[in-house]
Amino acid sequence: MLMDKFDSALWVVTTLVLLGMAVVALVFAALGREDAYRAADKKTKKFWLLLLGGNLVVNLVGAGLLGPMFMMFQIAGLVAAIVFMVDVRPALREVTGGGRRRGGSSSDGPYGPYNGGR
């Protein structure tokens with residue numbers, strides 16, 4: 001009886017994690033500019049939206065209707081989402097100039113730190 005509750009809880013947590021990753025990856029893919037995908041030499045925005053959107057549908061349908069039998073497709077979708085997050089998204093950010101500044105502070109000027117005329 002205790003194992004059944006544990007298995008059910010584990011299944012719910014796993015499904016929520018997979019669903020969350022699918023949503024996050026799809027949102028980031030939708031926010032990227034089309035020209036940035038080409039400039040980064042990655043597949044097109046349409047390709048990633050279809051792939052990650054399919055991943056979201058698989059996670060929604062698989063979790064609701066088929067349960068653990070659909071896990072293989074959910075894992076394949078997770079791999080696609082991970083590839084997007086660790087490979088494509090950083091390339092898009094590099095091309096568009098987004099992201100954190102490396103080093104320095106917010107008061108740095110073009111020739112170094114601003115010290116208030118001291």
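Predicted model: local features only at pLDDT ≥ 70, side-chain atom pairs only at ≥ 80, totals over all residues.

I then asked how many salt bridges the structure holds, and found three. Another of them joins Arg38 to Glu34, where the closest N and O atoms are 3.5 Å apart. Both residues belong to helix α2 (residues 34–39) and are four residues apart, about one turn of the helix. Arg38 is exposed, with a relative accessible area of 55%, whereas Glu34, at 30%, counts as partly exposed.

Asp87 and Lys42 form a salt bridge as well, with their closest N and O atoms 3.2 Å apart. Because Asp87 sits in helix α4 and Lys42 in the loop between α2 and α3, this pair ties together parts that are 45 residues apart in sequence. I noted Asp87 as partly exposed at 36%, and Lys42 as partly exposed at 26%.

Next I turned to the aromatic rings. I describe a pair of rings by the distance of the centres and the angle of the planes. The count comes to two aromatic pairs. For Phe47 and Trp48 the ring centres are 5.4 Å apart and the planes stand at 85°, so I recorded the pair as edge-to-face, the angle being over 60 degrees. For Trp48 and Phe84 the centres are 5.5 Å apart and the planes are at 55°, so that pair is tilted. The latter pair links distant parts of the chain, since Trp48 is in helix α3 (residues 45–66) and Phe84 in helix α4 (residues 71–96), 36 residues apart. Through these ring pairs, Phe47, Trp48 and Phe84 are linked into a cluster.

Lys43 lies over the face of Phe47, 5.7 Å from the ring centre, and Arg89 lies over the face of Phe28, 3.7 Å from the ring centre.

Phe70 had its own entry. I located Phe70 in the loop between α3 and α4, and it counts as buried at 17% relative accessibility. Leaving out residues up to four places away in sequence, Phe70 touches Val58 and Gly62. Its C-alpha is 8.5 Å from that of Asn59, a residue eleven places away in sequence.

Leu10 belongs to helix α1 (residues 2–31) and is partly exposed at 45%.

Last, I took down the totals for the chain. The protein chain has four helices and two strands, running α-α-α-α-β-β from the N terminus on. Of its 118 residues, 25% are buried. The chain exposes about 8300 Å², of which carbon and sulfur atoms supply 67%. Among contacts with a separation of 6 or more, 62% are between residues 24 or more positions apart.

Conventions
Residues numbered from 1 in each chain as written. Heavy atoms only, no water. Phe/Tyr/Trp six-rings, centres within 6.5 Å; stacked < 30°, edge-to-face > 60°. Lys NZ or Arg CZ within 6 Å of the ring centre and 35° of its normal. Buried < 20%, exposed > 50% of the residue type's maximum accessible area, 1.4 Å probe, protein only. Contact = heavy atoms within 4.5 Å. Areas by Shrake-Rupley, 256 points an atom, 1.4 Å probe, with all protein chains shown as cover. Salt bridge = Lys/Arg side-chain N within 4 Å of Asp/Glu carboxyl O.
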